[in-house]
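Here are my notes on the model, point by point. Please keep the sequence and the 3D view open while reading.

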Amino acid sequence: MSTPSLRAVLDTVAAYKPSEGVHGTTARPRPLSANESPHPPLPGIVEAVARAGATVNRYPDPGCGPLIRALARHHGIAEDRIAVGAGSLALLQTLFDSVADPGAEAVYAWPSFEVYPTLAALAGVTSVQVPLTDETHDLPSMADRITPLTRLVIVCNPNNPTGTGVDPGALRAFLASVPPTCLVAVDEAYHEYARGPAAPSALRLCADHPNLVVLRTFSKAYGLAGLRTGYLVGDARVVEKLRKACLPYAVSTVAQHAAVAALGLEEQLLRRVDETVAERTRVRDTLLRIGLPVPDSLTNFLWLPLGPHAADFGAWCARQGVAVRAFADVGVRVSIGSADDNDQFLAAADAWRSTGRPATAGAGQTQHVRKAAEA
Ligand SMILES: Cc1ncc(COP(=O)(O)O)c(C=O)c1O
């Protein structure tokens with residue numbers, strides 16, 4: 001029987017694949033594959049969700065008024081510089097859709113957030129992927145790949161899946177080199193976990209670059225992954241157009257109220273982020289002691305550049321009851337979870353090494369990892 005004619009691109013793009021389950025066991029795996037907060041919502045957020053739940057016979061506020069006002073106060077900027085979406089993922093889709101004239105290209109590093117190629121393909125935008133150097137954005141090479149057809153550049157900072165950050169001076173120089181007609185999106189989904197010299201946000205650069213938008217999310221540090229709320233900040237003239245490309249009513253009433261509540265509880269939430277950062281150091285130090293390569297991370301996950309051993313390590317962890325994210329032939333990303341979940345992961349990693357598996361990706365061993373090993 002024939003089926004309806006849909007766009008040919010749907011035969012080629014990969015379906016989003018959630019983390020592998022645990023094979024051969026019925027137990028729920030330790031959830032270290034999706035970079036979520038391990039902490040349950042604070043009581044103030046649960047209360048806001050319950051209150052908003054009582055109004056869901058009505059459509060949400062399509063302009064996300066109270067949330068945008070709260071964000072404007074939070075960042076000390078005008079409300080017309082902010083657009084809210086159903087997760088920063090929806091806003092990324094809006095960006096690709098908004099630049100997708102025939103022939104448009106998008107430049108981004110690779111490996112980076114795995115959804116960028118799919119969104120580009122669905123929008124009909126050609127992806128130009130620029131390999132990372134030492135697990136980090138190679139901004140000069142990205143600048144070299146910009147042509148008159150480039151309509152969007154994405155800098156995922158810190159980068160998913162490698163956890164690395166760009167040097168602020170290098171980012172400033174890069175922005176100065178991008179034509180002002182080309183949109184630049186800095187995806188800061190993990191900004192709150194960044195510490196050290198690469199931590200500053202690109203938000204402060206928006207005033208000098210009307211072609212820059214910065215993406216943030218409530219899914220990670222603010223612990224609202226299940227409610228789907230993200231936002232972007234940019235020049236008011238750009239934001240006005242991008243808002244038109246967002247689906248109306250996409251951000252639920254419950255999500256809007258929870259996000260406002262989360263901003264009000266920021267101090268407590270950021271204390272939890274500090275706990276995750278401390279766990280990140282503990283887990284990384286232990287992995288280095290075990291002899292596994294791990295670049296320093298500015299996020300709530302760690303990256304093991306295991307190259308050809310990545311799939312084996314991922315499958316091993318799954319059998320040990322720990323869900324991690326394996327990228328075949330590249331590496332494995334493991335989220336920082338509760339101390340207990342992290343311990344279970346470390347036990348799995350230690351057991352993997354004890355079976356005689358290799359310490360590093362050999363030729364793939366990076367400068368970051370060499371530096372860490374020498375430290
Ligand atoms: C780099 C990056 N950007 C954006 C997102 C999307 O986040 P959300 O749609 O939950 O806001 C993620 C989620 O993992 C991510 O890793």
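1. The seven-stranded sheet. Seven strands form an open sheet in the order E2-E8-E7-E6-E5-E3-E4, and the pairing is mixed. Its edge strands are E2 (82-85) and E4 (126-131), each of which pairs on one side only. Direction ignored, neighbouring strands of this sheet are turned by 25° against each other on average. Strands pair here if DSSP finds at least two bridges between them. Helices (H or I, at least four residues) and strands (E, at least two) are DSSP runs, numbered from the N terminus. As background, strands of a sheet pair through backbone hydrogen bonds, either parallel or antiparallel.

2. Model and numbering. This is a predicted model: local features need pLDDT of at least 70, side-chain atom pairs count only at pLDDT 80 or more, and totals for chains, interfaces and linings use all residues. Residue numbers start from 1 along each chain as its sequence is written.

3. E3 (residues 105-110) and E5 (residues 150-156) pair in the parallel sense, over four bridges. Tyrosine 108 stands opposite isoleucine 154 in E5.

4. Two cis peptide bonds. Tryptophan 110 and proline 111 are joined by a cis peptide bond, with omega about 0°. Proline 111 is in the loop between E3 and helix H5 (116-123). The peptide bond from asparagine 160 to proline 161 is also cis, with omega near 20°. Proline 161 has its place in the loop between E5 and helix H7 (168-177).

5. A backbone angle to check. Glutamate 135 is not a glycine, yet it has a positive phi of about 65°. Look for glutamate 135 in the loop between E4 and helix H6 (139-144).

6. The ligand shell. Which residues are closest to the ligand? They are Gly87, Leu89, Ala189, Thr217 and Ser219, out of 13 residues that surround the ligand. A residue is near a molecule if its C-beta atom, placed from the backbone, lies within 6 Å of it. Helix H4 (residues 87-99) gives the largest share of the shell, three residues. By class, the shell has five nonpolar residues, seven polar and one charged. Nonpolar here covers Ala, Val, Leu, Ile, Met, Phe, Trp, Tyr, Cys and Pro; Asp, Glu, Lys and Arg are charged; the others, Gly among them, are polar.

7. H4 against H8. The axes of H4 and helix H8 (residues 236-245) come within 9 Å and cross at roughly 100°. Axes are lines fitted to C-alpha atoms, for helices over the stretch in contact, and angles run from 0 to 180 degrees between N-to-C directions. H4 and H8 are therefore roughly perpendicular to each other, a label that applies from 65 to 115 degrees. In this contact, Thr94, Asp97 and Ser98 in H4 meet Lys241, Leu242 and Ala245 in H8. Contact means that the C-beta atoms of two residues, placed from the backbone, lie within 7 Å. By class, the contact of H4 with H8 has two nonpolar, two polar and two charged residues.

8. Two domains. The domain assignment gives domain 1 (17-39 + 270-374) and domain 2 (43-264). Such bounds come from an automatic or database domain assignment. The C-alpha centres of domain 1 and domain 2 lie 26 Å apart. How many residues make the contact? In domain 1 there are 25, and they touch 20 residues of domain 2. Helix H10 (266-290), strands E9 (301-304), E11 (325-327) and E12 (331-335), and helix H13 (367-374) each supply at least two residues of the domain 1 side. H10 gives the largest share of that side, four residues. The domain 1 side has 11 nonpolar, 11 polar and three charged residues.

9. The three-stranded sheet. E9, E12 and E11 form an open sheet in the order E9-E12-E11, with antiparallel pairing. Its edge strands are E9 and E11, each pairing on one side only. The twist averages 15° from one strand to the next. E9 and E12 pair in the antiparallel sense over four bridges. Leucine 302 stands opposite valine 334 in E12.

Technical notes: Angles under 35 degrees count as roughly parallel, over 145 as roughly antiparallel, 65 to 115 as roughly perpendicular and the rest as oblique.
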